Amino acid sequence: MKVVALEGSLSEGEFVEIINVDFDGELLAVTVLIDGDKLDITFDAPAGFRVLDEGDLLEYWPDCSTTNGWLYEIAGQGWLDQELQRGGFLSGHNPEIKEYFIAGVNYCISVLAWEKPDVEASTR
């Protein structure tokens, strides 16, 4: 798997817990809890997203483990590449689509988006 960490690694004993996912048809906001701090990761007009238990995403480990980071751009061999195999995936014809991945302790989120997400202190 080809990955680029967008947010740094965590210290031993720290973990990311996804505590909220909100999609209003235009904005996807994912709230995570890291060592008592809440962060919002927002994606403007994503093409799609999925939430799966980390045990169902074994192909992402160890590349996307929290020792390497917790927010990644997946540059190859991820969900986007799987979708590109489907003839009906029209978004795949746009070369600007990218895959992003949030590695959580219980759940993980893959997002297909046109731009990098914003990460800031949570207001939720």
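A salt bridge is a side-chain nitrogen of Lys or Arg within 4 Å of a carboxyl oxygen of Asp or Glu. Select Glu83 and Arg86 to see one: the closest N and O atoms of this salt bridge are 2.6 Å apart. By this rule the count comes to one salt bridge. Side chains of opposite charge can pair when their charged atoms come close.

This is a predicted model, in which local features need pLDDT of at least 70 and side-chain atom pairs count only at pLDDT 80 or more, while totals for chains, interfaces and linings use all residues. Residues are numbered from 1 along each chain as its sequence is written, and side-chain values use heavy atoms, with hydrogens and water left out.

Before leaving the pair, consider its exposure. Buried means under 20% relative accessible area, exposed means over 50%, and partly exposed lies in between (1.4 Å probe, protein chains only). Glu83 is therefore buried, at a relative accessible area of 16%, whereas Arg86 is partly exposed at 45%.

**Helix α1 and Trp79**

Select Trp79 next, in helix α1 (residues 79-84). Helices (H or I, at least four residues) and strands (E, at least two) are DSSP runs, numbered from the N terminus. Trp79 is buried at 10% relative accessibility. Display its contacts, meaning heavy atoms within 4.5 Å. Not counting residues up to four places away in sequence, Trp79 touches Gly48, Phe49, Arg50, Tyr60, Glu99, Ser110, Val111 and Leu112.

**The aromatic cluster**

From Trp79, move to Tyr60, one of the residues that it touches. Rings of Phe, Tyr and Trp (its six-membered ring) pair if their centres lie within 6.5 Å; planes under 30 degrees apart count as stacked, over 60 as edge-to-face and the rest as tilted. By this rule the count comes to four aromatic pairs. One of them, Tyr60 with Phe101, is stacked, at 4.4 Å centre to centre and 15° between the planes. Because Tyr60 lies in the loop between β5 and β6 and Phe101 in strand β7 (residues 98-102), this pair ties together parts that are 41 residues apart in sequence. Both Tyr60 and Phe101 are buried.

Trp61 and Phe101 form an edge-to-face pair, at 6.0 Å centre to centre and 65° between the planes. Trp61 is partly exposed, with 24% relative accessibility, whereas Phe101 is buried at 0%. Ring pairs link Tyr60, Trp61 and Phe101 into a cluster.

Continue to Pro62, in the loop between β5 and β6. The peptide bond from Trp61 to Pro62 is cis, with omega near 5°.

Ser65 sits in the loop between β5 (48-53) and β6 (71-76). A polar contact is a pair of N or O atoms within 3.5 Å; within protein, one must be able to donate a hydrogen and the other to accept it, and residues adjacent in sequence count only if both atoms are side-chain atoms. The side chain of Ser65 reaches the backbone oxygen of Pro62 at 3.1 Å, and a polar contact of 2.9 Å joins the side chains of Ser65 and Thr67.

**The cysteines**

Select Cys64 and Cys108. What separates their sulfurs from a bond? The sulfur of Cys64 is 8.5 Å from its closest cysteine sulfur, in Cys108, which is too far. A disulfide is a pair of cysteine sulfur atoms within 2.5 Å, and a search of the whole structure finds zero disulfides. Cys64 is buried at 0% relative accessible area, and Cys108 is buried at 1%.

**The nonpolar cores**

A nonpolar core is a set of buried Ala, Val, Leu, Ile, Met, Phe, Trp, Tyr and Cys residues joined through side-chain atoms within 4.5 Å. The largest has 17 residues, of which Val30, Val32, Ile34, Ile41, Phe43, Trp70 and Ile102 touch the most other members. Strands β2 (16-23), β3 (27-34), β4 (37-44), β7 and β8 (107-113) each supply at least two residues of this core, and β3 gives the largest share, four residues. A second, separate core of 13 residues includes Tyr60, Leu80, Phe89 and Phe101.

**Two positive phi angles**

Finish with Asp35, in the loop between β3 and β4. Asp35 is not a glycine, yet has a positive phi of about 50°; this residue is exposed at 57%. Gln77, in the loop between β6 and α1, also has a positive phi, near 70°, and is partly exposed at 48%.
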